[in-house]
Amino acid sequence: MRWIFHIGRYVHLLRLTFRMPERGRMFRRALMTELEAIGTQSIGIVALLSVFMGAVICIQTAHQVSGWIPVYTIGFTVRQSMILEFSPTLIPVILAGKVGSNIASQLGSMRVGEQVDALEIMGINSAGFLILPKILAGVAITPFLVILSMGLGIGSGAWVGVATGVSSLADFLYGMRIDFNQFDVAYALTKTTVFGFIMTSVSSYHGYYASGGALEVGRASTRAVVWSVVLIMVANLVITQLALN
Amino acid sequence: MIELHDIQKSFGEHHVLKGVSARFEPGKVNFVIGRSGSGKSVMTKCTVGLIEPDTGSVHFDGRNFTAMSGKERKAVRQEIGMLFQGSALFDSMTVLENVMFPLRMFSGDALGQIEQRARECLHRVELDGAEQRYPAEVSGGMQKRVGIARAIAMNPKYLFCDEPNSGLDPQTAIVIDNLIQDITAEFGMTTVVVSHDMNSVMQASDSIHFVHEGRILWHGTRDTLLAGGPQELEDFVFASELMKRVRGRG
């Protein structure tokens, strides 16, 4: 029954978080800081993973293509894989590891260092001040990172396909364009937005309620990553079922 | 004046506060002393609303803080300054920015005025020249002084200090004690200091409350403290050889 307690406390924390900020200027400044921390500072890892993912999907698909399967299937598969699953799901999972642990350890350190209490004593809504900018930044910036990932993944797939000689550029581009449905992109970005919310809010929850010392902050950070990934996977299944079935 | 009426607080089966009633006088440094685990920190957190008491009430100048709405509490909290045991400074901000922080959140003044006020507070705690340094770059004693500067930046009516001398050498501890005493008189604040450091108690206290097993067992001044009291108080106060000698001379 412990999970009911956690759900209740999570909802309570969200209620505290989504309140009007005390000072608009300070809030905007915090939001910009978080956009940089979650977005700009994640571009490198997102780009690296996406390039390799696109390349590997291209080579794996080419390995299956033989006889009656047309070569343009490579471009088609790379596009579909990147847009439907790899970019919108795998990138938030990676971000849950990088950004989520950072959020949880930051808030956890502030909690055990009494900085959260200091904010409360000043009359500041600490949840709103510390967590709201993170959630808004996560929700706003994750779709852009995923779009970047899609582009880089498909681009690297095309480059590897041509460079290794498994596909001509014309075949790849043909396959990439064939049977394209804009809804797929809308579906991908919708679930990405949800994952951005899960990643930031769940990590914030674990960090905000950390207690004890450095060891507990570390544990909170681990729990934040694990539960973010679990919930992203569950949400992925639910959204996919609702959207595609 | 801050008044506590029959505050009780339990964590599960563990009864930490068993009916605490106390009165902290304005313009005085009111010490709350007691052994580790006696409930003094929980009592302070209940007083400022960081922990909700199970029963009882807290009154700030007659205003029932416990019964207030969130909005009303927020207003009262802006009259409270607090120095935390670990200073609780924001690591990502400079010393000056830390002191400016509450002013930027609530004062509504222009940035220049806020900075001027923050510099005055830092000057008051003798930290001129440390404005641009980060908390990690200053000593523990300086961090405490930054914490005091931040606590007094909003001209609070009430000041709470949780173990202000923990981790400090005796000389620096005296500097902090004197500073707390001076600013209490200067600002006419109601100051509550939680401590188990008898040097501080003898140095800076105007009024002393002894907490034992979740109750206020004794209340008096540093003069009456030396005259003795319940056995638990004597065991606590005269635990060190130094205090035993002080008593012998008294």
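In chain B, helix H5 (residues 140–152) lies across strand E6 and strand E7 (158–162), and runs at about 175° to E6(B). Axes are lines fitted to C-alpha atoms, for helices over the stretch in contact, and angles run from 0 to 180 degrees between N-to-C directions. Helices (H or I, at least four residues) and strands (E, at least two) are DSSP runs, numbered from the N terminus. The model is predicted: local features need pLDDT of at least 70 and side-chain atom pairs count only at pLDDT 80 or more, whereas totals for chains, interfaces and linings use all residues. Residues are numbered from 1 along each chain as its sequence is written, and chains are lettered from A and ligands numbered from 1 in the order in which they are written.

An open sheet of 6 strands in chain B has the order E6-E7-E8-E3-E9-E10, with mixed pairing. Its edges are E6 and strand E10 (215–220), each with a single partner strand, so one side of each has no neighbour in the sheet. From one strand to the next, the twist averages 20°. Two strands pair if DSSP finds at least two bridges between them. Strand E3 (residues 29–33) and strand E8 (residues 190–195) of chain B pair in the parallel sense over 5 bridges; Asn30(B) has Val192(B) as its bridge partner in E8(B).

Chain B is divided into domain 1 (2–79 + 157–249) and domain 2 (88–155), with bounds from an automatic or database domain assignment. The C-alpha centres of these two domains of chain B lie 25 Å apart. In chain B, 11 residues of domain 1 are in contact with 11 residues of domain 2, contact being defined by C-beta atoms, placed from the backbone, within 7 Å. Helix H6 (residues 170–187) of chain B provides the largest share of the domain 1 side, 6 residues.

Between the chains, 14 residues of chain B are in contact with 13 residues of chain A. On the chain B side, H3(B) gives the most, with 3 residues.

Within chain A, helix H6 (residues 126–164) and helix H8 (residues 182–208) pack at an angle of about 150°, with their axes 8 Å apart. H6(A) and H8(A) are therefore roughly antiparallel to each other, a description applied to angles over 145 degrees. Residues making this contact include Ala127(A) and Ile131(A) of H6(A), and Ala188(A) and Leu189(A) of H8(A).

Notes: Contact = placed C-beta atoms within 7 Å. Parallel < 35°, antiparallel > 145°, perpendicular 65-115°, else oblique.
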